Amino acid sequence: LNEGHTVYLERMIGRSMDSEQFRQFKAMGGWKDLQDSVNTFGANNPLTNLVPSLQDVDPDDAFSSVPYEKGFALLYHLEELLGGPEVFMGFVKSYIQLFAYSSVTTDQWKNYLFTYFKDKVDILNKVDWNAWMFTPGMPPVKPQYDTTLADACIALSQKWIKATDQDLSSFQESDLKKLSSHQVIEFLSLLLQEDPLPLTHVKKMQEVYDLNGSMNSEIRFRWLRLCVRSKWEEAVSMAMKMATEQGRMKFTRPLFREVFNFEKYREEAVRVFLANRAAMHPVTSGLVAKDLKVDASNTTSL
């Protein structure tokens, strides 16, 4: 209810500042983030429900992109059914004004939706609410997003995936210069969905694009994960540096997981974590400890 609407509004702001194609592009990236969370938890894990039961569950264990992106996907689906962004924004504004400075439940939100769109109840009754709200895994409906801005990212990622060692000389610095930072993030995200690239490819990518030099956290985060996954040993120290120099769990936790999964550096991941855990937010520290199979109560590995 909070994060789904926040992401929806964030993308509507992007639409106003840029274009509808930009909003569609960001929504596609969000769908991939949702797939990553579902894959991490497991498609049958009830923590991937849009409305999860947290009975006997530490709420911190439930943290993921699910409420953000599954919530957005539902709101976008409703927008499509009910008349488009201008029509649906009328509801969003009204909902926020009605419940401002108070708490709200899913049932109250849904009841107000039906009240606001009382002339379209037949459409709302056709929505599979149980599948959206209380069923684990990906949503029952995948929106058909406009791929205009994504096409260049898809083409470049596929070129790298299919490239033989002989093809590597065809890549140029200008490949990335043509893309916005949002598109570079998408390009790297697409590569992270595939099998790890050969080490030769990742080294060539650095040589041509100098991604090590990027100070954009979203780009750097994905690039370092890609490098570690391809077993580029030089990237391990950079990944651990990023994981410990900033405090955002969305960066820290996956970076530690990537290094931990690189068997040769598993102990290094644990060592760096133990040396830095006291400076971490307790929620981040607790979840990274679980990822690294470190006993949360002391400094030993389980």
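The following questions and answers set computed values for this predicted model against the definitions behind them.

The model is predicted, with pLDDT of at least 70 needed for local features and pLDDT 80 or more for side-chain atom pairs, while totals for chains, interfaces and linings use all residues. Residues are numbered from 1 along each chain as its sequence is written, and side-chain values use heavy atoms, with hydrogens and water left out.

Q: What makes up the secondary structure of the chain, and how many helices and strands are there?
A: The chain has 16 helices and zero strands. Helices are DSSP runs of H or I with at least four residues, strands are runs of E with at least two, and both are numbered from the N terminus.

Q: Why does the radius of gyration of the chain agree with that of a compact globule?
A: The globule rule is 2.2 Å times the number of residues to the power 0.38, and the radius is taken over C-alpha atoms. For 302 residues a compact globule would have a radius of gyration near 19 Å, and the chain has 21 Å, which agrees. Along its principal axes, the C-alpha trace spans about 60 × 50 × 30 Å.

Q: What percentage of the contacts in the chain with a separation of 6 or more is between residues 24 or more positions apart?
A: Such residues account for 65% of those contacts. A contact means heavy atoms within 4.5 Å.

Q: How many of the residues are buried, as a percentage of the chain?
A: Buried residues make up 46% of the 302 residues. The classes rest on relative accessible area with a 1.4 Å probe and protein chains only: buried is under 20%, exposed is over 50%, and partly exposed lies in between.

Q: Why is Glu 80 called partly exposed?
A: Glu 80 has a relative accessible area of 44%, so it is partly exposed. Glu 80 belongs to helix α3 (residues 66-82).

Q: What makes the pair of Tyr 76 and Tyr 145 tilted?
A: The whole structure holds 23 aromatic pairs. Rings of Phe, Tyr and Trp (its six-membered ring) pair if their centres lie within 6.5 Å; planes under 30 degrees apart count as stacked, over 60 as edge-to-face and the rest as tilted. The centres of Tyr 76 and Tyr 145 are 5.1 Å apart and their planes stand at 55 degrees, so the pair is tilted.

Q: Which parts does the pair of Tyr 76 and Tyr 145 tie together?
A: Tyr 76 lies in helix α3 and Tyr 145 in the loop between α7 (129-134) and α8 (151-162), so the pair ties together parts that are 69 residues apart in sequence. Tyr 76 is buried at a relative accessible area of 5%, and Tyr 145 counts as buried at 10%.

Q: Why is the pair of Tyr 116 and Phe 117 edge-to-face?
A: Their ring centres are 4.9 Å apart and their planes are at 75 degrees, so the pair is edge-to-face. Tyr 116 is partly exposed, with a relative accessible area of 32%, whereas Phe 117 counts as buried at 3%.

Q: How do you know whether Ser 230 is buried or exposed?
A: The relative accessible area of Ser 230 is 7%, so this residue is buried. Ser 230 is in the loop between α12 (217-229) and α13 (234-245). Not counting residues up to four places away in sequence, Ser 230 touches Pro 196, Leu 197, Leu 199 and Val 202.

Q: What phi does Lys 231 have?
A: Lys 231 has a positive phi of about 60 degrees, although it is not a glycine. This lysine lies in the loop between α12 and α13, and at 46% relative accessibility Lys 231 counts as partly exposed.

Q: How do you know that Leu 50 is buried?
A: Leu 50 is buried because its relative accessible area is 16%. Leu 50 sits in the loop between α2 and α3. Leaving aside neighbours within four places in sequence, the contacts of Leu 50 include Val 66, Leu 74, Trp 132 and Met 133.
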